[in-house]
Amino acid sequence: MSRIYFDHSATTPLDPRVLEGMLPFLVESFGNASSQHVKGREAREAVETARAQVAALLNADANEIIFTGSGTEADNLALIGAVRTSVGPAHVISSPIEHAAILKTCEYLEESGVSVTRLPVDSDGLVDTLDLEAAFRPETRIVSVMAASNLVGTVQPIAELAEITAEHGALFHTDAVQAGGKVPIDVKSSPIDLVSLSAHKLHGPKGIGALFVRRGVALAPIVLGGGQERGLRSATENVAGIVGFGVVAEIARKEMDAEATRLRNLREKIVRVLAQTVPQAYVIGHPEKRLPGHLSLAFAGQEVLAGRLVQLLDRAGVAVSAGSACNAHHADKPSHVLLAMGYDAERARGLVRITLGRFNTETEVDRFLEILTRLVEELNPDMDWTTSPQLAGPLQGVTV
Ligand code: PLP
């Protein structure tokens, strides 16, 4: 029986339409987009078409999109690039539930003398606008709050946060690597200055990201060299990746509403059925303000076994993630996100993340529900897992 892939927050399978769009740029149209001859012009034209397609996803103008090597790099460029252009001391406001690409960048900035305020979040993972209001200082340069959480799926009120930030004269950045193409983001109707995106979370290729930079926003580059991407991101353009990102963005823009409804229905079916069959299951993160295909679950009294459950699901042919950490390299640690949401250390290890994508079907959801129900019943919180030869082994963490 074919395997079920429910880990789309980690990464997604390439859409065949994207592969088709990319292939010519890996073979015959291999030119360098900076070259002046026909091959170069072909590549340049393809890059500019993709730039317009990615821009359209955010209702931005094409010249406001900078292609980067990843979502991580877009996040680094937004924060470091903004702080480096500030005159005098700089202050950054962010949240404690961000992806490591923001958390680590904030730590790096702190080490170089920048002060960072991390806003609290409530038990659903939401930032409060009043807390943001209270955090501004005259030297606040940038506010960075993720549009949606990779771990718990909660969608933040970024339009409101951006409005407040604009009133205080600071820049507003959002890491929309998980939210981009799944929930609407419109940079014309709200004063969001910087948005990070990544193609591989949207059935596109890995290793290609983008940063929306509102016209007039000053950023310093963090990758120096030949001056590509308006001097903000030097390096020969990854033409095939950029083309793939363009196709992904166009598909997401056209199909977003229908796909969101379809994924939400599948997710709600899981919640509805589990309420009957596994009453100890509970949802982590906001019940409604969440990404359409994103479900974070825990099992009351069995939180400690989340990692084992994920392992058993894998053996039964279902790929999901355990929320024991922000990534698989720290699987033994409680999740920093759940700790910030007020969970105690034990429960902060207990998340099972189920993230659905474009090619998932209701038949797969039904099969998953049968398997999950059986496995949770079999899981015995008193069992000594370390002595079970079948089950001993490293815990699997969330790959973000
Ligand atoms: N931000 C968030 C919220 C993510 O989930 C990820 C995923 O890994 C990233 C940033 C990093 O993106 P990339 O994998 O393209 O570096």
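1. A crossing of two helices is called right-handed if the near helix is turned clockwise from the far one by less than a right angle, and left-handed if anticlockwise. In this predicted model, the crossing of α1 and α7 is of the right-handed kind. Helix α1 covers residues 16-26 and helix α7 covers residues 239-277, and the two pack with their axes 8 Å apart at an angle of about 155 degrees. Angles over 145 degrees count as roughly antiparallel, and α1 and α7 are therefore roughly antiparallel to each other.

2. On the α1 side, the contact with α7 is made by Arg17, Val18, Gly21, Met22, Phe25 and Leu26, while α7 contributes Val239, Ala240, Gly241, Val243, Gly244, Val247, Val248, Ile251 and Glu255. Sorted by class, the residues of this contact between α1 and α7 are 10 nonpolar, three polar and two charged.

3. Helix α7 also packs against helix α2 (residues 38-58), at an angle of about 30 degrees and with the axes 8 Å apart. Because angles under 35 degrees count as roughly parallel, α2 is roughly parallel to α7. The crossing of α2 and α7 is left-handed.

4. The residues that α2 brings to its contact with α7 are Ala43, Ala46, Val47, Ala50, Gln53, Val54, Ala56 and Leu57, and those from α7 include Val239, Ile242, Val243, Phe245 and Gly246, as well as Arg253 and Met256. In the contact of α2 with α7, 15 residues are nonpolar, two are polar and two are charged.

5. A further partner of α7 is helix α10 (residues 362-378), whose axis comes within 10 Å of the α7 axis and crosses that axis at roughly 25 degrees. The angle makes α7 and α10 roughly parallel to each other, and the crossing in which α7 passes α10 is right-handed.

6. In the contact between these two helices, α7 supplies Leu266, Lys269, Ile270, Val273, Leu274 and Thr277, and α10 supplies Glu362, Val365, Asp366, Phe368, Leu369, Leu372 and Thr373. The contact of α7 with α10 comprises eight nonpolar, two polar and three charged residues.

7. Turning to the ligand, there are 14 residues around it, of which Gly71, Thr72, Asp175, Gln178 and Ser198 come nearest. For Asp175, a polar side-chain atom lies 2.6 Å from a nitrogen atom of the ligand, and for Ser198, an N or O atom in the side chain is 2.6 Å from an oxygen atom of the ligand. His99 likewise has a polar side-chain atom placed 3.4 Å from an oxygen atom of the ligand.

Methods:
Residues are numbered from 1 along each chain as its sequence is written. This is a predicted model: local features need pLDDT of at least 70, side-chain atom pairs count only at pLDDT 80 or more; totals for chains, interfaces and linings use all residues. Side-chain values use heavy atoms; hydrogens and water are left out. Axes are lines fitted to C-alpha atoms, for helices over the stretch in contact, and angles run from 0 to 180 degrees between N-to-C directions. Helices (H or I, at least four residues) and strands (E, at least two) are DSSP runs, numbered from the N terminus. Angles under 35 degrees count as roughly parallel, over 145 as roughly antiparallel, 65 to 115 as roughly perpendicular and the rest as oblique. Contact means heavy atoms within 4.5 Å. Ala, Val, Leu, Ile, Met, Phe, Trp, Tyr, Cys and Pro count as nonpolar, Asp, Glu, Lys and Arg as charged, and the others, Gly among them, as polar. A residue is near a molecule or strand if one of its heavy atoms lies within 4 Å of it. A polar contact is a pair of N or O atoms within 3.5 Å; within protein, one must be able to donate a hydrogen and the other to accept it, and residues adjacent in sequence count only if both atoms are side-chain atoms.
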